[in-house]
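Trainee: I am new to this structure. Can you take me through it step by step?

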Amino acid sequence: MSTQLSTPVNRQSVEALSHSKGEPAWLEELRAKGAELAETLEWPKPEKIKMDRWNLTALGSHKQQDALTSTDELPEAIRELLAHTSAGLVIQRNSSPVLKQLSPELQAKGVIFTDLETASREHADLVQKHLFQAVAQDENKLTALHSALWNGGIFLYVPKNVEVELPLQALLYSDDSTATFAPHVLLIADNHSRVTYVDNVTTAYGSAEQQPLAKQMIVEVFVKPGAQVRYATVHHMADNIIDLTIRRAVIENDGRMEWIIGDLHDGNILSDTHSILRGKGSTSDAKAISVGKNSQQMSLTTGAVHIGRSTESNMVTRAVMKDKATAIINGITKIEKGATKANGVQTEKVLMLSPKARGDANPILLIDEDDVKAGHAASVGQVNVEQVYYLMSRGITKQNAERLIIHGFLAPVVSEIPIEAVREQLQRLLERKLEG
Amino acid sequence: MIIKEDLALRHPNSWREQFNMATHFKIDGLKASIEGKEILKGINLEIKGGEVHAIMGPNGTGKSTLASALMGHPKYEVTEGEVQLDGADVLDMAVDERSRAGLFLAMQYPSEITGVTNSDFLRSAINARRGEGNEISLIKFIRQMESKMKELDMNKEFAHRYLNEGFSGGEKKRNEILQMMMIDPKLVILDEIDSGLDIDALKIVANGVNSMRSEDRGFLIITHYQRLLNYITPDHVHVMMQGRIVKSGGPELVERLESEGYDWIKEELGIEDETVGQV
C-alpha cells in the first residue's frame, strides 16, 4: 500500500516546461504521454528492498542554469574530475546542460557529442528513432516519469567505421537539491565504430544541509553491427540523493558492449544494468564494484539477455559492506529460446565488514535453450581471520592488514579497468569511502 | 625494565646495537590451549643468538601449536608461562608487535590473499618496521627482492602474483623464506618448512636458511623428519611428546632418531601414546 502522491507532475506542467524550452512537438508529446503513464504505472519492485519507502517523489523543480564559458568556472570538486586527455566533454549542472566541447577532428568525422536537449532539436531524426527504444517509456512509473521530466542529458553518435581513440567524458552534477536532476544518456555507435565514454555523476553541495532529491537517470546504448562501446561510470553523490539508474544496451551482430560501473554513491541506490544481446555473435562484459556504508540501501542488478546465437556475456560484481548498509545484488543471465551456443557467466562476491550490514548475492539463471553454457559463482563472507593473522605476523598492523585485504578483494575488478584515469579516480573514491 | 621493553619494541635494532646485546629468546613454563583443551603443558626453552634449535617429534605432540602460540595465533590461548625476546614480554604483544620486535614464523600453511601482490605485501611488511616517513625506496626494495628471489631460484613473476594464490606447496615455502630474508628477523621459527618439498627445493630452502645464520639470530626448526636437518645442522635437538619437551641433546640425537625412531623415548618415559590426545 503506497500512499505516496502518485506523481508530482502532470500533462500540463510537463507540456508547459517543454514548450518554454522550445522543444520540438514530438518531444513535447512524448513527455506529456510519460506524465500520463506515470499516473497509473507502478514503481519498480526490486527484490528484498522496500523502495516504496524511499522519497521517490522528491524530484525538485526545474531550474535553468547559465552556460559555462570554460571549465575554470566549475567548482573545485568537479574540476578535479576532468580527464587529462579527452576528445570531448559535456557537463550538466542540476536541470541544465551548461557546457559542451568536442575536438574539431571528431566533428569533421561526423561524431556528435552534445547534450540531449540540443540533440533533440538539431538531430531530431536520430534522437527520435532511438529515444526510449532500449528502455520503454511504459515499463513502470520510473521510466514513464523520467520520460516526462528528463533534462540536460548526453547524446553521442559515432558514425560508421569511425574509431574514437580518446575517451569522451561527461560530468553530471547537482549543487542545488531543490532542482530536478534527471539526465538521460543516449549513445549510438553505428556499424563497426568504436568509442569509450566515461561519466561521473556527483554532487557539489559544500557543507550545507540538503533536502532529499530523487535523481533519475536512464542510459540507452545502441551498439550497431560490429561496433564496440565501452561505458565507464562512477556515481558518487551525497547521501541526500536517491540514485535511481537504469542502464540498457542493445547489441547487434558481432557488437561488443563493456560496462564498468562504480556505485560509490552514499545514499540509497537502485542500479539496474542490462545488456540485450540481440545480434548473433554479440558479446558483453560488465564489471561493477560498490561500497555500502552507514544505513544506505542498495539494489544492484546486472543482467544479460541472450537472444542472438553464439552470444557471450560475462558479469562480475564485488561489493564491500560496512556499518548497517544493505545490498541486494542480483545477477541475471537470461538465455532465450533460439540463442544456441550462447555462453553466460557471472560472479558476485560480497565482503561484510560489519555484523549489522547485509549483503545478499543472488545469481539468477533463466535458460530456455538447451545448447548453451552458463555459469555462476556467488559468495558472501567476512574478512578472513587467518589472512589478518598472516599479514600481522609480518609486522603489518591490524588496520593495514584489513585494508590490504579489502582492497585486494576489489582489485581483480579495479585492475581490469582499461582507462587509467578512471581506475585512479575509482581507487581514490574507494579509499575515501572505505576509510570514511 | 619498562624503559628497556619500550626501547626493544620501538627500536629493536638500535637497542641491540646500543647495548651490544645478542638475541636472547626464553620460553618459560608455557602452557596453551585450543578451545579449552590444553595442548602445551609447560614448555621451557632458551635460544641465544647464533644457535639453531630443532624440535622433533611425531605428529600430534604439540610442535605446531608451540609455533602458533609463540606468534600469537588467535585460536590459541596461552594460559600460563612467559616468553621473552631480549627482555621484552612477547606474550603481552599483539601479533604485529611480536613481528616488529623480531619474531618470525615461517608457516606450515601460509594464507592465500587475492588482490594483494607479493611485492606490495613485502613492501608493506618492510615499511611497517621502518615507520612512517622512512619507507624503503622502490628501487632499493626491488633490487633487494630480486636478488633474494634469485638466491631462492624463484621466477621474477612471483613478485607480481597475488600473495600465495595458486602457488604450489613448494612455492609457498620458498615464499616464506623470501619473507624471512627480506624482513631480517632476530628469532626465526620454521614450522614444517620441509613438508611438501622435493629434494631440490629442500636444498634451496636450506641454503636460504643457512645464509641467514648469524651470531645475532636464533632459529627454532620444527620438523618431524630428520631430512631437513641433513642440510641445516642444529646445535640443539629437542623431542616433544604429550605437549612437553621430553628429551634434549645435540645433533647426535637426530641420528639416533633416524635409525631407531621414537619408541625408545616412549619406553624411557613409560608412555604408550605420545600425542596430546587431540580429538
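This is a predicted model: local features need pLDDT of at least 70, side-chain atom pairs count only at pLDDT 80 or more; totals for chains, interfaces and linings use all residues.

Trainee: How many residues of chain B are in contact with chain A?

Mentor: Contact means heavy atoms within 4.5 Å. Chain A brings 19 residues to the interface. They touch chain B at 31 residues.

Trainee: Which three residues supply 41% of the area that chain A buries against chain B?

Mentor: Buried area is the accessible area (1.4 Å probe) that two parts lose on being put together, summed over both. Chain A and chain B bury about 2000 Å² between them, 64% of it on carbon and sulfur atoms. On chain A, more of the buried area comes from this trio than from any other three residues: A:Tyr389, A:Tyr390 and A:Arg394.

Trainee: Which residue forms a salt bridge with A:Arg394?

Mentor: A salt bridge is a side-chain nitrogen of Lys or Arg within 4 Å of a carboxyl oxygen of Asp or Glu. The count between chain A and chain B is 1. Its closest N and O atoms are 2.5 Å apart, and the partner of A:Arg394 is B:Glu176.

Trainee: Which helix of chain A gives the most to the side that touches chain B?

Mentor: Helices are DSSP runs (H or I, at least four residues), numbered from the N terminus. Helix 8 (385–392) and helix 9 (398–414) of chain A each supply at least two residues of that side. With 7 residues, the top contributor is helix 9 of chain A.

Trainee: Where do A:Arg79 and A:Glu76 both lie?

Mentor: Over all chains, the structure has 39 salt bridges. A:Arg79 and A:Glu76 form one of them, at 2.6 Å from N to O. The two residues are 3 apart, about one turn, in helix 3 (residues 76–79) of chain A.

Trainee: At what angle do helix 9 and helix 10 of chain A pack?

Mentor: Axes are lines fitted to C-alpha atoms, for helices over the stretch in contact, and angles run from 0 to 180 degrees between N-to-C directions. Helix 10 covers residues 420–435, and its axis is 12 Å from that of helix 9. The contact includes A:Leu410 of helix 9 and A:Leu430 of helix 10. The angle is about 150 degrees.

Trainee: At what angle do helix 5 and helix 7 of chain B cross?

Mentor: Helix 5 spans residues 118–130 and helix 7 spans residues 169–183. Among the residues that meet are B:Phe121 of helix 5 and B:Leu178 of helix 7. The axes come within 10 Å and cross at roughly 30 degrees.

Note on methods:
Residues are numbered from 1 along each chain as its sequence is written. Chains are lettered from A and ligands numbered from 1 in the order in which they are written. Side-chain values use heavy atoms; hydrogens and water are left out.
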